[in-house]
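Which charged side chains pair up here, and how exposed are the partners? The briefing below takes up both points.

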Amino acid sequence: MLPSSIQISGEPLSGAEVRDICRGLRDNAVRLLSLRGCRLCDRDFGRICRALAGATSLAQLNLNLGVVSSPGRIKQLAEALRTNRSIQSLFLHGSPLTDAGLALLNPALALHPALVALDLGDCMLGDEAINLICGLLPPDGAKSGDHVAGMLAVAVASSRTLEVLDLEGTGLTNQSAQTLLDMVENYPTALRSLVLAENSISPELQQQICDLLSDGEEEEELAGGAGDTQEPDRGRGPAAQPSWVCPGEPSSQMVLVTSGLGDSLLAETEM
């Protein structure tokens, strides 16, 4: 059984590797596929697209840094997205899409039932493409909490300074919690505390996220504090906090707090 996460960066893909990726997608054994900056021939790219078209477990697809490099590949990806029903996050950062390429992708993006996060940075887009992107948003601006969580997951995954994220009472569901769980599990971030109270999220998912954040903090403490005998031991006192609040004790932290679904505040505090 292949792992639930396949992440390859900046390397040429052999035919054997492409076959393994396609097999994992067809067997629904892959939740995250990241081929960031990888080099592969058009034939192998088409094979991967045909496999992801029928994948039902794939939640995140990362083709950043030029993997989608031609109109032919854009068409193949669009065909795959028309059939796929599971992808929640799509990363195409640094791909030379241009306005014409996004016009090819747009119908598949607009009709995709699960997509909540889309990264199109540095894709050579102009005014026409921006209009298409605006058309993907609800006309009244009333984006769901799950939609907002998906967009936040993209931002948090790329941030190296954000340590506390408060999403209490923002209308999130298990769908958004699963997106956040995948983000915490598969991307190295500075995040230490994630507040999900007063949302329609199962205690099991909240606990999984909390455990992953706690494990990451403990690993950092073991790696960085093994030789420090001057600093007193600082226990986190888990019994004093609900299981879905994962506290940390950074000396300087970037804090992102959301209020309702629309307002946000970014602040840096010195403890």
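This is a predicted model: local features need pLDDT of at least 70, side-chain atom pairs count only at pLDDT 80 or more; totals for chains, interfaces and linings use all residues.

Residues are numbered from 1 along each chain as its sequence is written, and side-chain values use heavy atoms, with hydrogens and water left out.

A search of the whole structure finds five salt bridges (a side-chain nitrogen of Lys or Arg within 4 Å of a carboxyl oxygen of Asp or Glu). Side chains of opposite charge can pair when their charged atoms come close.

**The pair in helix α1**

- Arg23 and Asp20 form a salt bridge, at 2.7 Å from N to O.
- Both sit in helix α1 (residues 15–26), three residues apart, so about one helical turn separates them (helices are DSSP runs of H or I, at least four residues, numbered from the N terminus).
- Arg23 is partly exposed at 41% relative accessible area (buried is under 20%, exposed over 50%, partly exposed in between, with a 1.4 Å probe and protein chains only).
- Asp20 is also partly exposed, at 34%.

- Asp44 bridges to Arg47, with the closest N and O atoms 2.9 Å apart.
- Asp44 and Arg47 are three residues apart in helix α2 (residues 42–53), so about one helical turn lies between them.
- Salt bridges with shared partners join Arg43, Asp44 and Arg47 into one network.
- Arg43 pairs with Asp44, the closest N and O atoms being 4.0 Å apart.

**Exposure in the network**

- Asp44 and Arg47 are both buried.
- Asp44 has a relative accessible area of 7%.
- Arg43 is exposed, at 61%.

Terms used
Helices (H or I, at least four residues) and strands (E, at least two) are DSSP runs, numbered from the N terminus.
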